[in-house]
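Let's take a walk through this protein together. Have a look at the sequence and the model, and keep them handy as you read.

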Amino acid sequence: MKHYAHKLSILSFIFTCIFSTFASPKAMAAVTIQAAEGWLETAWVEWTNMSSAQAYNVYVSPAGQNSWTKLDKELVRNYGSYGRADAVGLKAGNYQLKVVPIDSKGNEISGEATTTSSLDVRAHNRQGYAHHKRPNSGWLEGVGAYKNDGTLKDDAIVLYITKDNAKNIKVNWTRYEGKDPVEWTGFQTILDGYRKCVYGGGLKKPLCIRIIGTVSFSDLDDSMSSQGLAVKGQEVNAELPITIEGIGKDATIYKFGMQISNCQGVEIRNLGILLCKDDGIEISSDNSHVWVHNLDIFYGQTGGEADKVKGDGAIDTKRSRFCTISANHYWDCGKCCLIDASKTKEENHADYLSYYENWFDHADQRLPRCRHGQSFHVYNNYYDGNGLYGIGLASASCVFAENNWFRNCRYPIVSSAQGSDLWHVAELKKAGTKSKGVMSGEAGGVCKAYNNHIEGAVSYFNQSTATTYGIDAYEVSTREEKVPATVKATNGGSSYSNFDTEGDFYDCTPLATEDVVSHVTGQYGAGRCQRGDFTWEFDNATEDANKELIPELKSALESYKSTLVGFYSYPTAIGSIAENADFNGNFSTVKVIENNRLTIKKGGKSFNYAGQLTK
């Protein structure tokens with residue numbers, strides 16, 4: 001041991017010399033916090049970039065507990081004049097974030113760190129059909145890669161996708177149990193590889209894909225659907241616990257959308273979708289327990305048909321069940337939410353769908369348009385200046401519409417070939433114009449309506465105001481009241497299923513109607529974190545009744561550019577400089593870890609020098 005003691009003495013002297021060459025950091029002002037808030041299972045902070053700091057570490061702790069967890073470096077981003085970090089996967093509660101500058105030598109300057117005040121983090125609303133009868137534990141708990149309490153599932157795989165790595169990001173996953181791993185390269189290829197590995201039995205872990213900044217269609221490695229990106233299971237309703245989420249307020253997919261098929265347990269959240277190819281999100285076929293929420297959806301690319309000038313669908317659902325579409329912000333979208341495209345009732349038609357806390361902001365129609373299904377729950381949505389209609393019913397569908405707020409929605413609820421649909425035709429005839437109805441002339445459906453606020457509608461008929469045209473909805477005085485079997489669709493003769501009182505319904509406590517607008521438009525409401533980095537102010541006087549594309553908005557979308565500079569360049573600390581250094585050939589590895597602790601390895605053995613290697 002004398003020999004090792006002698007060598008350690010020499011090394012102590014050498015490292016003293018090394019450290020003496022680096023001057024102590026000059027005193028700097030503490031980090032200046034520009035803004036910080038809690039959001040939905042997220043807390044974020046922005047600060048002024050310091051010229052003397054090369055990078056930053058950011059930590060999160062429950063408020064007042066001083067129990068700090070370091071955020072992934074990819075969650076800490078540089079926007080030029082300021083930095084931003086988002087702590088995601090938090091349980092509801094109060095949290096603090098601490099921003100610590102790093103000097104050019106890779107050392108934290110703890111004395112210049114700044115901590116935020118307490119931030120109020122709230123839970124996502126998981127009341128809808130997507131979470132109905134899902135497992136409460138294990139890797140398939142809830143929907144996606146997060147547990148029902150908002151935290152990341154155990155053993156979840158986390159990948160960060162940017163415009164720079166979307167083509168070349170690599171993973172090595174085992175496709176078949178007991179076989180060698182396979183390399184998968186690129187965003188789309190990795191999604192496809194995950195499907196194959198889960199189905200083959202080689203991988204049983206949830207997958208969380210986090211998008212940073214803007215990812216454009218041209219950045220993708222491949223396109224496996226007409227929408228652009230495909231999330232596809234191996235077989236009908238295949239379990240695929242994936243979350244694809246944006247980080248911060250500016251995560252955007254540009255000029256493409258997503259198609260989900262053959263999946264169970266997929267979650268899409270906190271993304272802006274700009275100028276998508278066809279649909280923003282297409283829940284295409286044979287899916288269940290899919291949750292799409294907190295998206296900002298703008299115009300798609302102009303289609304070949306006259307009614308596709310704003311693009312096609314925003315979020316369409318076809319031949320899928322037990323899905324939730326919630327807290328999305330639709331910005332002047334044309335045809336928003338189609339449910340089943342076929343007029344013919346298919347065996348696997350869409351059903352058991354929830355639409356709540358959405359902001360239909362000057363969107364035109366299909367909010368949603370319901371076909372075939374017997375269990376559609378539409379509640380707590382804000383209908384804000386809609387040029388054609390809100391909830392549409394056709395093909396014997398059944399809708400329970402409650403506690404929604406309609407402001408200047410032309411036809412709040414309309415059933416095909418009756419009520420406002422026929423009234424509209426009659427008014428057009430009086431004006432000497434074409435007599436096409438709002439809906440397509442197919443069989444109607446029945447809507448149970450409770451406690452909705454309607455102002456500024458052109459027409460709305462219930463059993464108390466019914467004319468020869470029939471009713472748009474049957475009004476009830478309590479949530480539990482059933483719709484009589486005698487209430488039938490004028491065209492087709494279908495009746496209401498009473499799914500909400502007799503069927504397979506979930507526990508639900510809607511917001512009071514008078515609270516809908518403030519909640520949906522507020523800090524924890526519809527759309528991305530902070531309402532996103534791209535917004536548009538509508539002139540209600542001209543845009544409430546307008547169904548045409550707004551050229552200025554389209555131009556602004558085409559000119560959109562992310563302000564993200566990138567990630568910080570984290571310098572190498574002095575300890576890493578000495579890694580793999582060779583001192584007279586006697587020591588194979590010399591490494592400083594945890595500040596100045598020296599670890600020396602030789603012959604498979606490690607020796608720690610606990611003294612302070614300081615100037």
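Start with Asp-250, which sits in the loop that runs between strand S17 (242-246) and strand S18 (252-254). Keep in mind that what you're looking at is a predicted model. Which side chain of opposite charge is nearest to Asp-250? That's Arg-77, at 4.3 Å. A salt bridge here needs a distance within 4 Å, and Asp-250, although buried, has none. What its side chain does have is a polar contact with the side chain of Tyr-79, at 2.8 Å.

Now move on to a sheet. Four strands make up an open sheet in the order S15-S19-S23-S26, and their pairing is parallel. Strand S15 (228-232) and strand S26 (315-317) are at the edges with a single partner strand each, so one side of each has no neighbour in the sheet. On average, neighbouring strands in this sheet are turned by 15° against each other, ignoring direction. What holds such strands together? In general, strands of a sheet pair through backbone hydrogen bonds.

Last stop: helix H2, residues 187-200. From first C-alpha to last, its 14 residues reach 20 Å, close to the 20 Å expected at 1.5 Å a residue. Is H2 mostly covered or mostly open? Mostly covered, with ten of the 14 residues buried, among them Phe-187, Ile-190, Leu-191 and Tyr-194. Just past the end of H2 comes Gly-201, with a positive phi of about 90°.

Key:
Residues are numbered from 1 along each chain as its sequence is written. This is a predicted model: local features need pLDDT of at least 70, side-chain atom pairs count only at pLDDT 80 or more; totals for chains, interfaces and linings use all residues. Side-chain values use heavy atoms; hydrogens and water are left out. Two strands pair if DSSP finds at least two bridges between them. Helices (H or I, at least four residues) and strands (E, at least two) are DSSP runs, numbered from the N terminus. Axes are lines fitted to C-alpha atoms, for helices over the stretch in contact, and angles run from 0 to 180 degrees between N-to-C directions. The expected span of a helix is 1.5 Å times one less than its number of residues. Buried means under 20% relative accessible area, exposed over 50%, partly exposed in between (1.4 Å probe, protein chains only). Lys and Arg count as positive and Asp and Glu as negative; His and the chain ends are not counted. A polar contact is a pair of N or O atoms within 3.5 Å; within protein, one must be able to donate a hydrogen and the other to accept it, and residues adjacent in sequence count only if both atoms are side-chain atoms.
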